[in-house]
Amino acid sequence: MTDQRKFNLAMITGVVLVATVLASNTVLEPLLAGLGERMKRRSYYENVISPKGLSLHRGVFWKEKRGTKD
Amino acid sequence: MANTVQCELCPTECVLENYQVGGCRSRMNKDGVLYSLVYGKPCAVAVDPIEKKPFYHFLPATTAFSIATAGCVLGCKFCQNWQISQASPEDVDHQDLPPADVVRQAALYNCRSITYTYTEPTVFYEYMYDTAQLARQVGIRNTMHSCGYINEKPLRQLAKILDAADVDLKAFTEDFYSRICGGRLRPVLDALVVLRQEGVWLEITNLVIPTLNDDPREMREMCRWIVKNLGPDVPLHFSRFFPYYKLKDLPPTPLETLKDARRIAQDAGIRYVYIGNIRTDAENTTCHKCRKLLIERIGYFVKQNHVAGGKCRFCGTAIPGVWS
């Protein structure tokens, strides 16, 4: 293996490593954190709120933002 | 984010993600649909004298079937009902009482009105609205005791079937509302004007808290605003504070402070000013023209009433209020 090839390999490995770390910090971690929060909220609803026999009566609301309904 | 909804009921206008519960603790987004968790699930049900709300110019000496669910749109540090208003619905005991049963029970107990009270009725808007509609059909009146922290659209809709409202005007500075209540003053003032415009009988309660909202200048400003924007006939109740919840380090309001507040309000032109939560003769109603005693009260009970056909029995002056 020539020095040039070794250098190229090191460069590519470095770029991939930096890209992976950046992607993890900017995309993956918030996504996982959001997912964790959602799972926590859902679990709270299913294990605490729902068994208490509270109503799920459709609320009057006038605005819906960003998203789908039903 | 998909399935996000925004509640438009109160000025906080919570944006809720899936399975998230609003700041009021009683409204929730589930799969992109906003739900009320407290519809037909009151945590407090009682038959009270209407004077307890307090309404002093609305069907005196009658009883009000009173209901509340858990939750509140504000987080006042002095809340006198914090055990239920600052609790989540899943944390308090509740009963199943659909609107039709509320009306049936109100009739059974000979209540002339149903009052949505104790916590903040805005949080159980749908329940209150449906109950009020049914009550109207059988001639039972609807009243609420509210902090007035509600958006214009839902309030105007509600006002069509509401007969009277007692609104807590907690102070007259944005700073107080922000620091002590977690809300804003402006929407409350707007709500008061809307209620007046819609012809709902209105009374105002101001809980006087030592060092926090007992500045005479602020009180004068508040009273002038009331006279200018709502008129001199809106009864104003200065209520005595007792140390509760997160304000246990303050003393109860001295009687002198309440008397001063009453004097300021009368000087500003408000005709009917009362002192509550303490026994004084400022619980009584006197005719604003001839100054004769019209309604004598002892606590929540009416000892004598000289308002006949909405008029002073002595001089014939029309007394503002709903009397029959």
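1. The C-alpha centres of domain 1 and domain 2 of chain B lie 22 Å apart, where domain 1 covers residues 38-283 and domain 2 covers residues 292-324, with bounds that come from an automatic or database domain assignment. The contact between them takes 14 residues from domain 1 of chain B and ten residues from domain 2 of chain B, two residues being in contact if their C-beta atoms, placed from the backbone, lie within 7 Å. On the side of domain 1 of chain B that touches domain 2 of chain B, the residues divide into seven nonpolar, one polar and six charged. In this division Ala, Val, Leu, Ile, Met, Phe, Trp, Tyr, Cys and Pro count as nonpolar, Asp, Glu, Lys and Arg as charged, and the others, Gly among them, as polar.

2. A word on the basis of these points: this is a predicted model, in which local features need pLDDT of at least 70 and side-chain atom pairs count only at pLDDT 80 or more, while totals for chains, interfaces and linings use all residues. Residues are numbered from 1 along each chain as its sequence is written, and chains are lettered from A and ligands numbered from 1 in the order in which they are written.

3. Chain A contains one helix and one strand; helices (H or I, at least four residues) and strands (E, at least two) are DSSP runs, numbered from the N terminus. Of the 70 residues of chain A, 7% count as buried, a residue being buried if 20 or more other C-beta atoms lie within 10 Å of its own, exposed if 12 or fewer, and partly exposed in between, with C-beta atoms placed from the backbone.

4. Four bridges join strand 3 of chain B to strand 4 (residues 33-36) of chain B, and Lys30(B) stands opposite Val33(B) in strand 4 of chain B.

5. Strand 10 of chain B deserves a careful look, since eight of its eight residues are buried, so it is largely enclosed by the rest of the structure. Trp201(B), Glu203(B), Thr205(B) and Leu207(B) point one way from strand 10 of chain B, whereas Leu202(B), Ile204(B), Asn206(B) and Val208(B) point the other way, and all are buried. Strand 10 of chain B pairs in the parallel sense with strand 9 (residues 164-168) of chain B over five bridges, where Asp166(B) has Glu203(B) as its bridge partner. Five bridges also join strand 10 of chain B to strand 11 of chain B, again running parallel, and here Ile204(B) stands opposite Leu236(B).

6. Helix 7 (residues 216-229) of chain B has 14 residues and reaches 20 Å from its first C-alpha to its last, close to the 20 Å expected at 1.5 Å a residue, the expected span being 1.5 Å times one less than the number of residues. Which residues of helix 7 of chain B are buried? They are Met219(B), Met222(B), Cys223(B) and Ile226(B). These cover an arc of only 95 degrees around the axis, which puts them on the same side of helix 7 of chain B; the arc is that of the directions from the helix axis to the C-beta atoms. An α-helix has 3.6 residues a turn, so residues three or four places apart point the same way.

7. The buried residues of helix 7 of chain B pack against strand 10 (201-208), strand 11 (236-240) and helix 8 (255-268) of chain B, while the face turned away from the buried side carries the exposed residues Arg217(B), Lys228(B) and Asn229(B). Met222(B), in helix 7 of chain B, is buried, with 24 other C-beta atoms within 10 Å, and touches Leu169(B) and Phe172(B), not counting residues up to four places away in sequence.

8. In another open sheet of three strands in chain B, the order is 13-14-15, with antiparallel pairing. Glu296(B), found in strand 14 of chain B, is partly exposed, with 16 other C-beta atoms within 10 Å.

Conventions:
Pairing = 2+ DSSP bridges.
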